[in-house]
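Colleague: I am new to this structure and would like to learn how to read it. Could you walk me through some of its features?

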Amino acid sequence: MKFVCEQNDLNTNLSLVSRAVPSRPTHPVLANVLLSADENLQRVSLTAFDLSLGIKTSFAAKVENSGTLTLPAKLLNDIVSRLSNGEITIDDDAGEFVATITSSFGRYQVRGMEAEEFPELPAIEDGQTIYLAPDTLIEGLHGTLFATSADETKQVLTGVHLTGKKDGLEFAATDGHRLAMVETVHQLPEDGADDDDRLESEIELNVTVPARALREVERILGMRQSPNTDQSAPLVNLRFDSSQVVFEWGDQRLTTRLLEGQYPAYRQLLPNAFIRSITLDRKQFLSAIERISVLTDQKNNIFKANLDSVNQKLTLSVEAKDVGSGQESIPIQFITGEDIDIAFNVKYLMESLKNLNTQEVQMDLNHGLSPVVLKPLGGSKATHLIMPVQLR
């Protein structure tokens, strides 16, 4: 194997796949990244796999000899990231799975392992397929990932649940205290726009994808959608079967196992009707919460909200024993229903407001301990549910 590539190309793609390298590999080869050079295609591919999450990407290079080799991911990353911009040559002419890395400033040798020991990424032969525009997928992930649980004992809640609809895809996440839902519209590729059978197969989609994998999807797509890049990402191909999901776009592929277990019937948590509703400026509401939150702590991460229908205002207050107190009032742009006192966990409400992207939000509620629903006015079709905290 021998190829010549730009330091920036190798460094960028190596950093991307290294996210799938396990910190404590169950087998030595899993600490490596698989390099494959193709002389016919004049491309180099990099693959990392921890047996649950796998990432593969490729980039253009001057390939003189095809071949494969695995090299230690951390060591290779440390070397390449410190090299200056310019051409890098990598070859295994030294034999015994040793790669020589040559730049204009120096030469390094790294011992690896044979490629045959590296496990193949799972492939899905038969399954359901959905096509989403990158910005649509980012919208669904951004609006739900924050609400996933970090508690590994509730494993099914550590992922985002995806449900196929006739005209789109529904994203949902809950940690037991809050719920976030986003409905998006999927797309078929141009050559399949009239494929009714494919569209019908997507309606049965009902899977839970680990948040860790989806955060990588969001991060990678976000990099490609960055204003600093002039390359727009193609449609994302989501292919599912009963145990795996594969995301493919352009030269990149991410595969992950699905989470097992029955996901909660989250739509049953949504109240059928509300007796109170208010409209607020989102940034103004968020800023007020951020200011009074300085008086909260891990043990008492709570603030009280008083809805004043007469004066058309919402008053936020915090009382911290032995520390002090704070109070702020913000105007309500629209209100229905009577006055009420209600308390919230600061973290939950702040994260919801940060992950809604419209100027105004609507807050619907009933009583002091019943679920509160936040929705953006305009923009994405999102619904956030937060459980209030009992006032003492």
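Modeller: Gladly! Let us begin with contacts: two residues are in contact when heavy atoms lie within 4.5 Å. Please keep in mind that this is a predicted model.

Colleague: Then which residues does Thr-184 touch, not counting residues up to four places away in sequence?

Modeller: Thr-184 touches Leu-132, Thr-136, Glu-139 and Gly-140, and also Asp-167, Gly-168, Leu-169 and Phe-171. You will find Thr-184 in strand β13, which covers residues 178-185.

Colleague: Is Thr-184 buried or exposed?

Modeller: The general idea is that a residue under 20% relative accessible area is called buried. Thr-184 counts as buried because its relative accessibility is 7%.

Colleague: In what order do the strands of the sheet with β13 run?

Modeller: Read them as β14-β11-β12-β13-β26-β25-β24-β18-β22, an open sheet of 9 strands with antiparallel pairing. The edges are β14 (206-210) and β22 (334-336); each has a single partner strand, so one side of each is left without a neighbour in the sheet. On average, neighbouring strands here are turned by 20 degrees against each other, direction ignored.

Colleague: How many bridges join β11 and β12?

Modeller: Strand β11 (residues 159-164) pairs with strand β12 (residues 168-174) over 4 bridges, in the antiparallel sense.

Colleague: Which strands does helix α3 lie across?

Modeller: Helix α3 (residues 134-142) lies across β12, β13 and β26 (381-386), and runs at about 170 degrees to β13. Helix α7 (residues 346-354) packs on the sheet as well, where it touches β13, β24 (360-365), β25 (372-376) and β26. The direction of α7 makes about 175 degrees with that of β26.

Colleague: Let us turn to empty space. How is that found?

Modeller: Rolling a probe the size of a water molecule over the atoms shows where empty space is left. In this model, a search of the whole structure finds 2 cavities of 30 Å³ or more.

Colleague: What lines the largest cavity?

Modeller: The largest cavity has a volume of about 40 Å³. Its lining consists of Ile-278, Ala-305, Leu-307, Leu-314, Ile-340, Ile-342, Phe-344, Met-363 and Leu-365. By class, that makes 9 nonpolar residues, no polar and no charged. Strand β23 gives the most to this lining, with 3 residues.

Colleague: And which residues line the second largest cavity?

Modeller: There you meet Ser-84, Asn-85, Gly-86, Glu-87, Ile-88, Ser-103 and Ser-104. The second largest cavity has a volume of about 30 Å³, and its lining has 1 nonpolar, 5 polar and 1 charged residues.

Colleague: May we try one more sheet? In what order do the strands β5, β1, β7, β8 and β9 come, and what is the pairing?

Modeller: These 5 strands form an open sheet in the order β5-β1-β7-β8-β9, with antiparallel pairing. At the edges stand β5 (62-65) and β9 (107-111), each with a single partner strand, so one side of each has no neighbour in the sheet. Strand β8 (residues 98-102) pairs with β9 over 5 bridges, and Ile-101 stands opposite Tyr-108 in β9. Helix α2 (residues 73-82) packs on this sheet, touching β7, β8 and β9, and its direction makes about 170 degrees with that of β9.

Notes. Residues numbered from 1 in each chain as written. Predicted model: local features only at pLDDT ≥ 70, side-chain atom pairs only at ≥ 80, totals over all residues. Heavy atoms only, no water. Helix = DSSP H or I, 4+ residues; strand = E, 2+ residues; numbered from the N terminus. Buried < 20%, exposed > 50% of the residue type's maximum accessible area, 1.4 Å probe, protein only. Pairing = 2+ DSSP bridges. Axes fitted to C-alpha atoms, helices over the stretch in contact; angles between N-to-C directions. 1 Å grid on protein atoms, 1.4 Å probe; cavity = no way out; pocket = protein on both sides within 12 Å on 5 of 7 lines; lining within 4 Å. Points joined across faces, edges and corners; volume = space filled by probe spheres on them. Nonpolar A, V, L, I, M, F, W, Y, C, P; charged D, E, K, R; others polar.
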